[in-house]
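Biologist: I'd like to walk through this one with you, picking a few spots and asking what's there. Could you put it on the screen for us?

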Amino acid sequence: MKLLLTNDDGIEAEGIKVLARMLSAENEVFVVAPDVNNSAASNRMTIEKAMNFIKKDMGIPSVKDSYALSGTPADCVFSGIGVFGNDFDLVLSGINNGPNLGTDIIYSGTCGAARTACLNGLPALALSVDTGSRDSDDQSGCLYYENLAAFVKNNLEQLKNLCGNKILFENHSLIEYFVNVNAPAMKKLKGVKFANPCYRRYYEKIERTENTSKLVGSGKIVSYGNEINDACVCSEGYISVSVVQSEPAFKNMNTIENTFII
């Protein structure tokens, strides 16, 4: 397959290097990734501003070409398509250092890149390691990126097929879904489960000075949902696979009476 890799942690991050090394052994791999960390960038894109697009040696000879971009993950997808063509078989975003579970998907640059690919007619995967799901006796700090990279390598076609159909319009096409995959940071995994995105609440705090406002994580995240939600699945030692709509979901308004007044 011809693959485009990106992430939101930046081109120097270990996760994308592990993924590129694993996949480039049997596939044609191109990399366009941010030059610095772009976590929580969502789908933000840079408009009417030139970005640096610099060739970057990742130290992986089997990678066809790799560039660092001074933009967001979504920008990387646009630039990858613009430079290397719109004929990629699959776009892969990650592997992210940290979870993208449930509500995280809204804010995630990792997921934003995958969604951007789908909106431009290319199937895509968002890949993350849930650093909060570990074995209690494992004090190594290892994230075991190789586990998730190997899973993706062994199941590329199946994961791609989960993205659904390409919908053709007059001037563009889109892919119905992107696939969001999270793996626990565990040395040995129990298996793989389909999962529903959970609901997450973060309880951030604002640090305020006279002229500044800073969002600070409290370290407290609460996840909830049914028994097959992605946070629960990862905490139990399984890789979670969720299929997420690329276009906004909406409520069917046909049964609601329109009582608006002009």
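Biologist: Let's start with N96. Which strand does N96 lie in?

Modeller: Quick note: this is a predicted model, so local features need pLDDT of at least 70 and side-chain atom pairs count only at pLDDT 80 or more, while totals for chains, interfaces and linings use all residues. Residues are numbered from 1 along each chain as its sequence is written, and side-chain values use heavy atoms, with hydrogens and water left out. Helices (H or I, at least four residues) and strands (E, at least two) are DSSP runs, numbered from the N terminus. On that count, N96 falls within residues 90-97, which form strand β5.

Biologist: Is N96 buried or exposed?

Modeller: Buried means under 20% relative accessible area, exposed over 50%, and partly exposed in between (1.4 Å probe, protein chains only). N96 has a relative accessible area of 6%, so it is buried.

Biologist: Which backbone oxygen does the side chain of N96 reach?

Modeller: We're talking about a polar contact here: a pair of N or O atoms within 3.5 Å, where, within protein, one must be able to donate a hydrogen and the other to accept it, and residues adjacent in sequence count only if both atoms are side-chain atoms. At 2.9 Å, the side chain of N96 reaches the backbone oxygen of G98.

Biologist: And which residues is N96 in contact with, leaving aside its neighbours within four places in sequence?

Modeller: Contact means heavy atoms within 4.5 Å. With those sequence neighbours set aside, the partners of N96 are D8, D9, T110, L127, S128, V129 and Y145.

Biologist: Now the helices. At what angle do α2 and α4 pack?

Modeller: Two packed helices are described by the angle between their axes and the distance between the axes. Axes are lines fitted to C-alpha atoms, for helices over the stretch in contact, and angles run from 0 to 180 degrees between N-to-C directions. Helix α2 (residues 73-84) and helix α4 (residues 109-119) have axes 7 Å apart, and their packing angle is about 30°.

Biologist: Which residues of the two helices make that contact?

Modeller: By class, there are 6 nonpolar, 2 polar and no charged residues; Ala, Val, Leu, Ile, Met, Phe, Trp, Tyr, Cys and Pro count as nonpolar, Asp, Glu, Lys and Arg as charged, and the others, Gly among them, as polar. From α2 come P73, A74, V77 and F78, and from α4 come G109, A113, T116 and A117.

Biologist: How many of the 11 residues of α4 are buried?

Modeller: The list of buried residues in α4 includes C111, R115 and C118. The helix is largely enclosed by the rest of the structure, because the buried count is 10.

Biologist: What does a side-chain oxygen of S108 reach at the start of α4?

Modeller: That is one end of the helix; α4 is followed by G121, whose phi is positive, near 85°. At the start, the S108 oxygen comes within 3.0 Å of the backbone nitrogen of T110.

Biologist: Is S79 buried or exposed?

Modeller: S79 lies in helix α2, and it touches V32, M51, F53 and L69, not counting residues up to four places away in sequence. Its relative accessibility is 16%, so S79 counts as buried.

Biologist: How many disulfides does the structure hold?

Modeller: A disulfide is a pair of cysteine sulfur atoms within 2.5 Å. C198 is in no disulfide, as its nearest cysteine sulfur, that of C234, is 9.2 Å away. C198 counts as buried at 3% relative accessibility, and C234 does at 0%. The number of disulfides in the structure is 0.

Biologist: Is F194 buried or exposed?

Modeller: F194 lies in strand β10 (residues 191-194). Leaving aside its neighbours within four places in sequence, F194 is in contact with L162, I228 and V241. With 58% relative accessibility, F194 counts as exposed.

Biologist: Last one: where does E48 lie?

Modeller: E48 has a positive phi of about 55° although it is not a glycine. At 83% relative accessibility, E48 counts as exposed. Its place is the loop between β2 and β3.
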